[in-house]
Amino acid sequence: MPIKLENVGIAVRDLEATIAFFTDLGLTVLGRDTVSGEWTDTAVGLDGNHARIAMLQTPDGNGRLELFEYIHPEAIETEPTLPNEIGMHRVAFSVDDIDEALEIAARHGCHPLRGVASYQDVYKLTYVRGPSGIIVMLAQELQKD
């Protein structure tokens, strides 16, 4: 059976702030909608499901994020995940210039969890705490083929 990754869905506190963060990093908005009704209740498994959504795509067209801001039921605040917690871990992006990506993230109040590391002189990488506590990995390849 052929299979491909469609998107990664993330519930967020503030849809507009999260869109601004990811579009500044280079993703584009493919579309926005407000969804509700029986079909969303069934698909998502929540009665009275009502959310504002946006689909974003990476410049290469291969990666998509679907962002949800719940109107109903009320969103449940949780503590931001830690890198070693079981469950959804992070969203990772390759960038051409990690310093530039970190400047963009900082403009949104998003900073590395600890710093920038070098992996075997192949990558510079860091984990950034993004909007709504999302962990975003940024990685710059140091050795291009």
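**Figure 1. Thr40 in helix H2 of the predicted model.** The place of Thr40 is in helix H2, which covers residues 38-44; helices (H or I, at least four residues) and strands (E, at least two) are DSSP runs, numbered from the N terminus. Residues are numbered from 1 along each chain as its sequence is written, and the side-chain values use heavy atoms, with hydrogens and water left out. This is a predicted model, in which local features need pLDDT of at least 70 and side-chain atom pairs count only at pLDDT 80 or more, whereas totals for chains, interfaces and linings use all residues. Thr40 counts as buried because its relative accessibility is 2%; buried means under 20% relative accessible area, exposed over 50%, and partly exposed in between, with a 1.4 Å probe and protein chains only. When residues up to four places away in sequence are not counted, Thr40 touches Val35, Gly45 and Asn49, a contact being heavy atoms within 4.5 Å.

Figure 2. The side chains of Glu16 and Arg32 meet in a salt bridge, with 2.8 Å from N to O. This pair links distant parts of the chain, with Glu16 in helix H1 and Arg32 in strand S2 (residues 28-36), 16 residues apart. A salt bridge is a side-chain nitrogen of Lys or Arg within 4 Å of a carboxyl oxygen of Asp or Glu. Glu16 also forms a salt bridge with Arg52, at 3.7 Å from N to O. Since Glu16 lies in helix H1 and Arg52 in strand S3 (residues 50-57), this pair ties together parts that are 36 residues apart in sequence. Glu16, Arg32, Arg52 and Glu69 are linked in a network of salt bridges. Glu16 is partly exposed, with a relative accessible area of 36%, as is Arg32 at 47% relative accessibility, and Arg52, at 27%, also counts as partly exposed.

**Figure 3. The salt bridge between Glu77 and Arg13.** Glu77 forms a salt bridge with Arg13, and the closest N and O atoms of the pair are 2.9 Å apart. Glu77 lies in the loop between strand S4 (64-72) and strand S5 (91-94), and Arg13 in the loop between strand S1 (8-11) and H1, so the two residues tie together parts that are 64 residues apart in sequence. Glu77 counts as exposed because its relative accessibility is 54%, whereas Arg13, at 48%, counts as partly exposed. In the whole model, the count comes to six salt bridges.

**Figure 4. The cis peptide bond between His72 and Pro73.** A cis peptide bond joins His72 and Pro73, with omega at about -10°. Pro73 is found in the loop between S4 and S5, the loop in which Glu77 also lies.

Figure 5. Phi of Asp121 is near 55°, a positive value in a residue other than glycine. Asp121 is found in the loop between strand S6 (117-119) and strand S7 (123-129), and with a relative accessible area of 55% it is exposed. Phi of Ser132 is likewise near 55°, again a positive value in a residue other than glycine. Ser132 is found in the loop between S7 and strand S8 (135-141), and at 24% relative accessibility Ser132 counts as partly exposed.

**Figure 6. Ala20 of helix H1 and Pro131.** Ala20 lies in helix H1, which covers residues 15-25, and counts as partly exposed at 29% relative accessibility. The C-alpha atoms of Ala20 and Pro131 are separated by 9.7 Å, while the two residues are 111 residues apart along the chain.

**Figure 7. The setting of the close-up views in the whole chain.** The protein has three helices and eight strands, which run β-α-β-α-β-β-β-α-β-β-β from the N terminus on. Along its principal axes the C-alpha trace spans about 50 × 35 × 30 Å, and of the 145 residues, 30% count as buried. Among contacts between residues at least 6 apart in sequence, 54% join residues at least 24 apart. UniProt lists residues 4-141 for "domain: VOC" in an unreviewed entry; UniProt positions are given in the numbering used here, feature names are shortened, and annotations may be inferred rather than shown by experiment. The end C-alpha atoms of residues 4-141 lie 24 Å apart, and the span is 20% helix and 37% strand.
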